[in-house]
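Thanks for coming. Please look at the sequence and the model on the screen while I talk.

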Amino acid sequence: MLGNLNGWHLVIILVVILLLFGATRLPALSKSLGQSMRIFRSETKAMKEENADQATPPVETTPPAAPAAPAAPPASGTAPSEATIAPETKSEPKS
């Protein structure tokens with residue numbers, strides 16, 4: 001759209017702006033335009049950082065607990081030793 005503008009077009013646009021706003025108001029107009037652009041840039045940068053933070057998953061500080069491995073069944077034909085018996089099934093020695 002603006003690719004077809006050459007030097008003369010820009011001069012004509014600047015003369016029209018000067019006639020519309022006057023030479024006294026142009027410095028204030030350019031200052032407010034610069035402030036607006038600065039605010040716009042800082043807001044878009046903040047939005048990009050916010051989106052980048054939401055896109056990355058949070059880092060876990062502790063590794064997940066490993067599931068307990070099932071106990072291996074005893075070999076066939078042998079009696080289970082006391083070490084392979086689960087602590088819940090051990091019977092207390094009678095005194």
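Predicted model: local features only at pLDDT ≥ 70, side-chain atom pairs only at ≥ 80, totals over all residues.

Residues are numbered from 1 along each chain as its sequence is written, and side-chain values use heavy atoms, with hydrogens and water left out.

The protein has two helices and zero strands; helices (H or I, at least four residues) and strands (E, at least two) are DSSP runs, numbered from the N terminus. How much of the protein is buried? Of its 95 residues, 0% are buried, where buried means under 20% relative accessible area, exposed over 50% and partly exposed in between, with a 1.4 Å probe and protein chains only.

Now helix α1, residues 7-21. The 15 residues of α1 reach 21 Å from first C-alpha to last, close to the 21 Å expected at 1.5 Å a residue; the expected span is 1.5 Å times one less than the number of residues. After α1 comes G22, with a positive phi near 85°.

The UniProt record, an unreviewed entry, annotates residues 6-28 as "transmembrane region"; such annotations may be inferred rather than shown by experiment. In the model, residues 6-28 are 78% helix and 0% strand, with the end C-alpha atoms 27 Å apart.

Last, the surface. Why is I13 called partly exposed? Because its relative accessibility is 40%.
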